[in-house]
Each structure stands twice: as structure tokens, then as C-alpha cells.
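Visitor: I'd like to learn how to read a few local features in a model like this one. Could you walk me through them?

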Amino acid sequence: MTFTASISCPACGAALGEATAHVRSLSCPHCSNWIYLGSNGWESAGLFEHAIDAPSMLRLGKRGQFEDRQFHVAGRLRMSYQDGFWDEWWLEFDDGLHQWLEEDDGVYRLHSHMEQVIPPGQFDTAQVGGTVTIATADWFVTERVDARVAGVEGSLPMAITPGESVVCVDAINNGIKVSFESAARDVQMYQGRVIRGKEIEWT
């Protein structure tokens, strides 16, 4: 879906500018209310704090290049959990693709979405040392984090709401490591790789 002038913020009524087709939640640039695409169309989740500032080479709107691909930083999601927090940056590439860049204590992981269909119920009970089954493959669970959405800014590809709970599960199968995230009533599967900050060229 692409925003047009005929779509208005449900909180203040202001017309929204254009956004890429995958956007499902964003901050209204006029009233700062966080809005999301719900079952009844665009809905307001109220004023939602921006992601808390922390030292980072990334910031909203910044442009860069990774390998031979140009991108800009479209959004940020801050996740909090018992031992602290981490940030997930939403990168929109000029070739029409998009990826998450996770930032945690100076370590960066670039995540690519995988198309597998995942039964959501498995992640409510997934525990370290157990398995989750995707199709006929069993993935051994190496880590589970129960987190919540603590801050947002920009635009995001899911209809996330303030304080929403997120289950994050890391698993491995035949040497392949993947991450699962259950958020916004949806479960997504990603394969990530660690990258060094100097591999990104800023423009």
C-alpha cells in the first residue's frame, strides 16, 4: 500500500505523504502520534516515545551503501528486555528490497527475511534446549528473549503498537543459524550475518 493525499492521520486529520508499499506503522509527521494499519484501517496508538538516544553510527534518514547496494535508514525499533535493550534499524534499499540491521553493544547483524510459513503457537512455549518445527525440519533453540517494544521512530513494516510483547528465538539446524520473531500477531523467520561497521559506507 502507498500513502496518498486522500489518506489522513486518524489522530489529527492531516494528510500523509507517500511511503513505500510495505509500511504498516509510522509516526505522523504532524502530530507525532504513532499510527498503524489495524483491522479497521489506519488507527492511532497515541503518542509513543521515540527510541531513546544512544551512541550509534546510524540515524533516521541517513543514507549509505553496503557492498554495491544503496539504502536509507527508514525506521528504528527499540526492544527492551530483562538485561537491557537493543535496536533494530529498518533499511530500505534503492533496489526495492529491505532488511533489518540489528545493533547490540556495537555488534551489527544484517537480517534477511525467509519465506517459510511458521505456526505462531510454537513460540509461546519455545525454550532453550527444545526444538521448533518448520515443515519437517526441527530447529534446536539456543536462545529465547521475551522483550517489549520500548521505542520507535520513522516507519516500520509491521503494525507494531506501544508496549507490545515480542518473543525472539534463535535456533540452529545443520549449521544454519536463524532467528524467529513473534510480534504484531505474526511470526517471521530471518537468517542473519554479522557485519563490521566499516563495511558500511555513508554518503
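Visitor: Let's start with Asn-173: where is Asn-173 found?

Guide: Asn-173 sits in strand β11. Keep in mind that we're looking at a predicted model.

Visitor: And does Asn-173 count as buried or exposed?

Guide: The general idea is a cut-off: under 20% relative accessible area is buried, over 50% is exposed. Asn-173 comes out at 17% relative accessibility, so it counts as buried.

Visitor: Which residues is Asn-173 in contact with, leaving aside its neighbours within four places in sequence?

Guide: Those are Ala-137, Asp-138 and Trp-139. With Asp-138 you can look at the atoms themselves: a polar atom of the Asn-173 side chain lies 2.7 Å from the backbone oxygen of Asp-138. For a polar contact, the N or O atoms have to be within 3.5 Å.

Visitor: What about Asn-174, where is that found?

Guide: Asn-174 is in the loop between β11 (165-173) and β12 (176-183). Its relative accessibility is 76%, so Asn-174 counts as exposed. Check the backbone too: phi of Asn-174 is positive, about 55 degrees, although the residue is not a glycine.

Visitor: Which way does phi go at Ser-32, positive or negative?

Guide: Positive: phi of Ser-32 is near 70 degrees, and this residue is likewise something other than glycine. You'll find Ser-32 in the loop between β1 (25-27) and β2 (33-38).

Visitor: How does the accessibility cut-off apply to Ser-32?

Guide: Anything between the two limits is called partly exposed. Ser-32 has a relative accessible area of 37%, so partly exposed is the label for it.

Methods:
Residues are numbered from 1 along each chain as its sequence is written. This is a predicted model: local features need pLDDT of at least 70, side-chain atom pairs count only at pLDDT 80 or more; totals for chains, interfaces and linings use all residues. Side-chain values use heavy atoms; hydrogens and water are left out. Helices (H or I, at least four residues) and strands (E, at least two) are DSSP runs, numbered from the N terminus. Buried means under 20% relative accessible area, exposed over 50%, partly exposed in between (1.4 Å probe, protein chains only). A polar contact is a pair of N or O atoms within 3.5 Å; within protein, one must be able to donate a hydrogen and the other to accept it, and residues adjacent in sequence count only if both atoms are side-chain atoms. Contact means heavy atoms within 4.5 Å.
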